[in-house]
Amino acid sequence: MLQIAEYFGTQYLRPNIEEARTRIVNLVSLFLADRSGGDLDKAARSLRDHTFLSHSRGGSEMIKALWALPDCDIIGGMSAKSQREFLAEWSLREPAEYRIALEQRKAYHLAIEAALWFAENLGVAPSSLSMVPVGSFLRTAMLVYLGGNTPPALPNAAGLVSILKAIRKKGIAPKGRKRVKEIFQILPESYQEIARRHLQEVETEDLPRILDSSLAIDKLFEETVQKGYFLRDVDLEDASLFDAAVSKEWQKMTAGKTDDDSLLTIFVCIAADTVPKPTLTRSAARALIRKVRADGLKQEPVLGFIRQCAPHEMQEGLEKLWNEFFPEAQSYLLDSSDTTLGEAVAFLKEHCYVM
């Protein structure tokens, strides 16, 4: 008791000694309640076979373990109290309070771990997520997957607008649903409930607003940000989609576009040996199809363009996007039985930007 009194104050004052007595009883009680599971006989035998001091230290270690757990579901959050301050407070509390706090902090820890799993999947460094709410990050991740862009990446302001526009134009594309399904197939079981809860929030609360064409896109963006969606900044440490600007040729070709539809429009233009554009008019699309039927659709020029001009971090995802698109594009664009070009134009409208 004297040691505890000295640690939290002084052993020479009666109030500190009385507090120390309360502390040591609480620490021993906490440790016994945890180790015995409420079995009084087991607790009594523990007191018989081990020193009182070892029980007190065991309770102290349990409080230190509680302190090490997050006190809120904020990624990169800092504890508001030092370990000594925390011990001083919690060694005066009842074991029942400890159990309630432990369950809550375990839930926070699990939520943060789930968010960090998605961060790794999206190529985001944990160090860039200081003071980010778990809900904000996971809702953004769910929207990114539903958007279906390749490769998936957390957006900045321009990227979020691009996602919102794409979903508003075509709804949730099958590839978006497919990507969400694939993510949940590899997601650890312990994170499933947390992730599904945030996916449901996006689908029930946010998608109806995104699809409401009466809501101007700038108002929709403002509303989405106010709901807490996470937007990253473009900086030297975050070399992801938006480091595309370092490539003048890439920037020139894409005009800053990063969504799948725009990129596939550019790629199919390159494959048809026409001027690359992120958007085609209906008449331009028909002209492109006729050229493809006359001269063919070439896969390699697009792969060469990706390897030479696209940012390194994007290349693997872009090659996959093009290689998956190319066989189906050949099938539709070169189908001589489609004499009116209707099926071919419909295919381009589904996968590219055709106005």
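How many salt bridges does the structure hold? The structure holds 17 salt bridges, a salt bridge being a side-chain nitrogen of Lys or Arg within 4 Å of a carboxyl oxygen of Asp or Glu. The model is predicted, so that local features need pLDDT of at least 70 and side-chain atom pairs count only at pLDDT 80 or more, while totals for chains, interfaces and linings use all residues. Residues are numbered from 1 along each chain as its sequence is written, and side-chain values use heavy atoms, with hydrogens and water left out.

**View 1. A salt bridge joins Arg48 and Asp49.** The closest N and O atoms of Arg48 and Asp49 are 2.7 Å apart. Arg48 counts as exposed at 62% relative accessibility, whereas Asp49, with a relative accessible area of 47%, is partly exposed; here buried means under 20% relative accessible area, exposed over 50%, and partly exposed in between, with a 1.4 Å probe and protein chains only.

**View 2. A network of salt bridges links Arg139, Glu201, Glu205, Asp206 and Lys227.** In one of its pairs, the side chains of Arg139 and Glu205 meet at 3.4 Å, N to O. Arg139 lies in helix α7 (residues 134–147) and Glu205 in helix α10 (residues 189–210), so this pair ties together parts that are 66 residues apart in sequence; helices (H or I, at least four residues) and strands (E, at least two) are DSSP runs, numbered from the N terminus. Arg139 is buried at 11% relative accessibility, while Glu205 is partly exposed at 41%. The side chains of Asp206 and Lys227 also meet in a salt bridge, at 2.7 Å from N to O. Because Asp206 lies in helix α10 and Lys227 in the loop between α11 (217–226) and α12 (248–254), that pair ties together parts 21 residues apart in sequence. Asp206 is buried, at 4% relative accessibility, and Lys227 is partly exposed, at 36%.

**View 3. The rings of Phe137 and Phe230 form a tilted pair.** Their centres are 6.0 Å apart and their planes stand at 50 degrees; rings of Phe, Tyr and Trp (its six-membered ring) pair if their centres lie within 6.5 Å, and planes under 30 degrees apart count as stacked, over 60 as edge-to-face and the rest as tilted. Phe137 in helix α7 and Phe230 in the loop between α11 and α12 are 93 residues apart, and the pair links distant parts of the chain. Both Phe137 and Phe230 are buried. A search of the whole structure finds 10 aromatic pairs.

**View 4. Ring pairs link seven named residues into a cluster: Phe267, Phe305, Trp322, Phe325, Phe326, Tyr332 and Phe347.**

**View 5. The charged end of Arg93 sits over the ring of Trp90.** It lies 4.1 Å from the ring centre, where a charge sits over a ring if NZ of Lys or CZ of Arg is within 6 Å of the ring centre and within 35 degrees of the ring normal.
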